[in-house]
Amino acid sequence: MTEVIDIRPLAAILVSLIATGLIIASYKYPNVREGWSILAAVTKFGIVASMFPGVMNGTVYVSNIGTILPGVDFVLRADPLGMLFATLASLLWVITSFYCIGYMRGLNEHGQTRFFASFAASVSAAIGIAFSGNLVTIFIFYELLSVATYPLVAHDETAEARAAGRKYLGYTFFGGGVLVLAGTALVYWIAGTTDFTAGGITALATADPLVAQITFIILAIGFGVKAGLMPLHQWLPVAMVAPTPVSGLLHAVAVVKSGAFGVARVVLDVFGPEFLYTLGMGLVISTIAAITLTAASLIAIRKDHLKQRLAYSTVSQLSYIVLGLGLFGWYGLVGALLHIPAHAFMKLTLFFCAGAIHVETHTDYISQMAGIGKRMPVTLGAFTIAAAGMAGIPLLAGFVSKYYMLIGGIQMGAELTPIAYYLVGALLLSGVLNIVYFWPVVYTAFFEAEDKHDAKPLVDFKLGGETRSVLPAADGGNDRSPRTDGGKPDGDGNDAELTGVVEPDVDPEEIEYEDSEFDDSNIAARLNPSDHTTPSHNNEEHTGDDTHAHDDHDDTESHDEHHHHGGPPAGGWEHIHGRDLWLGKETTWFMLGPILAAVTGALLIGTIPYSVGFLELIEVIVEGAGVSRP
Amino acid sequence: MSDVVLPLLVALPIMISVLPLIFGLKYENAGWPIAMGGSLTVLALAVYTITEVAANGRLIHALGNYPQPYGIELVGDELSTLIVLLIGLVSVLVLVYSRTRGPYGNAFHSGYLLLTGGLLGVVLTGDLFNLFVFLEITGLVTYALVASDRSGKSAYAALKYVFLGTIGASLYLIGVGYLYVATGTLNMRDLQGAIETVGYTDPLIQAAFGFILVGFALKVALFPLHTWQPDAYAYAPDSVSAYISALVSTAAAYALIRISFDVFTVEFFLVNDLISTAIMAAASVSIVVGSLLALMQTEIKRMFAYSSVAQFGMIVAAIAVANETAVFGAIIHLFGHGLMKAGLFMAAGILAAVYGARTIDEYAGLANRSPFTAASIAVIGIALIGIPPSIGFLGKWFIGLGAVEAGEWGVAFVIFVSTMLTLAYVFRIIEKLYFDPPGDPHGHGSDHDHEHEHDGAATDGGHELVADTSAVTVGMVVMVVSITIAVVALGFSWELFFDLLAPVLERFFQ
């Protein structure tokens, strides 16, 4: 591996930092401001991509800024693992910057300047994490990422958003500022250096095993907080109060992936896979990951709010990566690292779809999405494809990474310890669970109609079931039925008498939900309803400041905690078909384009992983870490 | 020139401090220009001294040419001149700030110069009793300056400070007395050898250290001897708060470092395990309790005062850890904290002047109207938490690393966890500034009062944000912003500090 001094790693980070300043400076001119975002994104991707061929051939580009602490330089190294994350983040930012425009303008959001500026700074920090050459540098960017993403989480400025911001900061600073810092100090004390060395820092291998174990645990948990390892994952569902592009790029791709990336760095470049295996730590993190995997999937099944469901899905999928990293062997590591881009494309698609649905129809709850496939066919189609990928259906990205991990787990089980078989079992189970929680969305969108759809037992019914009677009851219904006053338009509950079966009647407008975990009365969607749902269609040019959006909504809100807006309009969903479909009339191309781009990425990774470069790069990474191809 | 600059540094401000009073007989506003001239001279001399000392080693000046151990010596080594530089910088910055912000009056400026002279004396002296004299001079003038806006609250705060400060100084004096009884000398350089001869476990020596330590703990405002500080910082005029928070406790902490490692030496700590452990425990408690108390405050300046309690806890813990890395960190943090607190208090003063905002609720949404000041508070606060790159991170890193190297896991744990504690109160302020709608006392945001805000006139109980922009000049904001930039830029400067302080640390730790 030849090291070459090059300005490009530093340039890649500085591009969007400069853009941050320019965005703030052009706050009066929204189009110019958005132009800076796009220009910065494209430039950044260009710089990163230009280093890709060299890195594949073994060159490592280094920018050394100077010594920040004795023995520790503030150094940026574009090595294969760093390139993986940097390419992913910069490519997806290009797509997301277009999506942001569509989303923010579609909702006429306030504070757009702060939003775009913080976004640019956050991506800058993410690339900084990718290119960090040692633990101290990655710590610096890790903290800066938390600081830069905070304004995005608290964007809505409601009490709920502020509380979410506080929780987010609390968790990420605990993980980063306390644990990662402590771990870094310990590594420095033991080894005298914190540089990332492919295959592990050699001085660590000769340290006292107990100290090494404790250091690894501290570092893994520190990075694991951002990667959503249970039980420190709580910040992720709460942070869904942020606007969807934030949830998408940052929380499904950049922030949580930087946590997983940090764990990858610790495993591959600080301790080394072999040493970790001898310490017994690989199995520990894999087990924690397997538990998180399963538990998060189970929780996701019960969530009615689409973004919450996706959040728990993210928690679950991120643990795939950590699981693979703990498996000892070529296949496990390749699978884990491949899951980074695979999941990124798929999850981004899912979030973009959720955002588009929100902007166009103001629907956030799955129970209100019956028949929405008519209204937004392309969006829901992309959703279906991405969801299939999450479950591990072949031809999609999720299948390839999962396949590798399954082989890795079985191989570890056969060669080293039978515990690995349980991990394999968890992976398989999770595939089934993925289907369980994604299928209802697809089913209700395409195969149900607004006026005729079933309850979803796993979501709507109480845990443990409920009692019903098949005997005809005098009052025409079981008064412990969860539906209080909903009824079929023509029925009065006498059907029990006739057929012996109480049919669930679900009228979305009248169901009382107890989704107490997530009080949505204050989120942006409630306060800034989409223009197209109100008769007066005023499309004012948004000057990037706060006032306009709030004026329209004053009296349309009932401030009733459980009153959900959204759902089909009075006459049912508008059916977009034929020519309108192909012209993308269901939503703006600003949002549709990125959705299609992301889902195409997922398909490409699933069908030609080598040709798109990711799998080859990952094989270079794993070989460099000293794990040879069997 | 060389060592003559040391007595000049001390005597000049004291002598010049008489001039505002004299000129005040004739001219009304003679105070500020004279004080400015004096401070600039001090700054120039400080820069000269530090470059001289960095190049050629420490300067020693025997006052009146009386040789030690009979005479009083002034010693300027790399550590003292670093603090001298801090004193020079902060006095100029705060003076520019106070031109508009006040207090005004020749008496104030006279006291200002006297305080500068006293602090320089504390930092530059090489004699223990002389240190007491300058400590008292500093204290007396500080009491007067705290009360200088003539309000009842500040008079009360000053009175509290008088009582407790005098007790602290007296305890220190008792300690010095014991040392004199034990060794017969008061000169710091002499005492090093003399104490070694008497023995580090001698009860008289241990008692002396104990008294000196508690005396300084009171001056540095360590928990539970901190009770004077919140009142003094909160009720003093804003310029005075900025000055004293940056410098007075800093000088006392400097003196503690000097006496611990130059007079008693690190051997004393190694031999007296119990004393080290006790100090580390007390300091750790100070860190935790100071941060928790800061979190509970509603008034901004009190919050900053309790924050100082926590930060000085970290510095004293580092002294007790007593290894090279930790003390290096303590010195960096001393310097950095001085700058950061000066910046924070000055920014708080700006917001108080323009909006009358003194409590955290009154800070709601001010970031929109005062972007630079709010950004400075945010950045300095983040530096205080210890996020790189910033001088706060440097100090914390070395102190934490020193604790880890010494195997002091308890202290290391507290230092790393203190990140969370500082985060809590700093982000409370930042959240209020940026993410609460303006004029919203309870932060209920966009529900009830929201509609009213946009009309510009609060109709029912919302605060009407009256901005008195004439109370603040661009210069004041420039001061604050330049401190902010310095705090971040110094985050890359560990090598500068290391090159400067290496001789001192070598001497301390052989």
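Which side chains meet in a salt bridge at 3.9 Å, N to O? In this predicted model, the pair consists of B:Glu431 and A:Arg162. B:Glu431 also meets the side chain of A:Arg166 in a salt bridge, with an N to O distance of 2.9 Å. The latter pair crosses between chains, running from helix H6 of chain A (residues 159-191), which holds A:Arg166, to helix H18 of chain B, which holds B:Glu431. B:Glu431 has a relative accessible area of 8% and is therefore classed as buried, whereas A:Arg166, at 47%, is partly exposed.

The interface between chain B and chain A contains three salt bridges. Four residue pairs are found in polar contact across the interface, both residues being at pLDDT 80 or more. On the side of chain B that touches chain A, two or more residues are given by each of helix H17 (391-405), helix H18 (409-435), helix H19 (450-453) and helix H21 (494-509) of chain B. H18(B) contributes the largest share of that side, ten residues. Sorted by class, the side of chain B that touches chain A comprises 21 nonpolar, eight polar and six charged residues.

In total, 35 residues from chain B and 37 residues from chain A take part in the contact. The area buried between the two chains is about 3,400 Å², and carbon and sulfur atoms account for 75% of this area. B:Trp397, B:Phe416 and B:Phe435 provide 22% of the area that chain B buries against chain A, more than any other three residues.

Over all chains, the whole structure holds 24 salt bridges. One of them joins B:Arg189 and B:Glu73, whose closest N and O atoms are 2.6 Å apart. This pair links distant parts of the chain, 116 residues apart: B:Arg189 lies in helix H8 (residues 188-198) of chain B and B:Glu73 in strand E2 (residues 73-76) of chain B. The relative accessible area of B:Arg189 is 32%, so this residue is partly exposed; that of B:Glu73 is 4%, so this residue is buried.

A further salt bridge is formed by the side chains of B:Arg258 and B:Asp262, at 2.7 Å from N to O. B:Arg258 and B:Asp262 are separated by about one helical turn, because they are four residues apart in helix H11 (residues 238-263) of chain B. B:Arg258 counts as buried at 4% relative accessibility, and B:Asp262 counts as buried at 13%. Elsewhere, salt bridges with shared partners connect A:Arg162, A:Arg166, B:Asp361, B:Glu431, B:Lys432 and B:Asp436 in one network.

A:Lys402, in helix H17 (residues 397-415) of chain A, is buried but has no salt bridge. The nearest side chain of opposite charge is that of A:Glu619, 20 Å away. The side chain of A:Lys402 instead reaches the backbone oxygen of A:Ala391, at 3.2 Å. Apart from neighbours within four places in sequence, the residues in contact with A:Lys402 are A:Tyr320, A:Met390, A:Ala391, A:Gly392, A:Leu427 and A:Gly431.

A:Leu318 is located in helix H13 (residues 306-326) of chain A. Its relative accessibility is 0%, so A:Leu318 counts as buried. With residues up to four places away in sequence excluded, A:Leu318 touches A:Ala227, A:Val256, A:Lys257, A:Ala260 and A:His343. A:Lys257 is 61 residues from A:Leu318 along the chain, and the C-alpha atoms of the two are separated by 7.6 Å.

Technical notes: Residues are numbered from 1 along each chain as its sequence is written. Chains are lettered from A and ligands numbered from 1 in the order in which they are written. This is a predicted model: local features need pLDDT of at least 70, side-chain atom pairs count only at pLDDT 80 or more; totals for chains, interfaces and linings use all residues. Side-chain values use heavy atoms; hydrogens and water are left out. Buried means under 20% relative accessible area, exposed over 50%, partly exposed in between (1.4 Å probe, protein chains only). Lys and Arg count as positive and Asp and Glu as negative; His and the chain ends are not counted. A salt bridge is a side-chain nitrogen of Lys or Arg within 4 Å of a carboxyl oxygen of Asp or Glu. A polar contact is a pair of N or O atoms within 3.5 Å; within protein, one must be able to donate a hydrogen and the other to accept it, and residues adjacent in sequence count only if both atoms are side-chain atoms. Contact means heavy atoms within 4.5 Å. Buried area is the accessible area (1.4 Å probe) that two parts lose on being put together, summed over both. Ala, Val, Leu, Ile, Met, Phe, Trp, Tyr, Cys and Pro count as nonpolar, Asp, Glu, Lys and Arg as charged, and the others, Gly among them, as polar.
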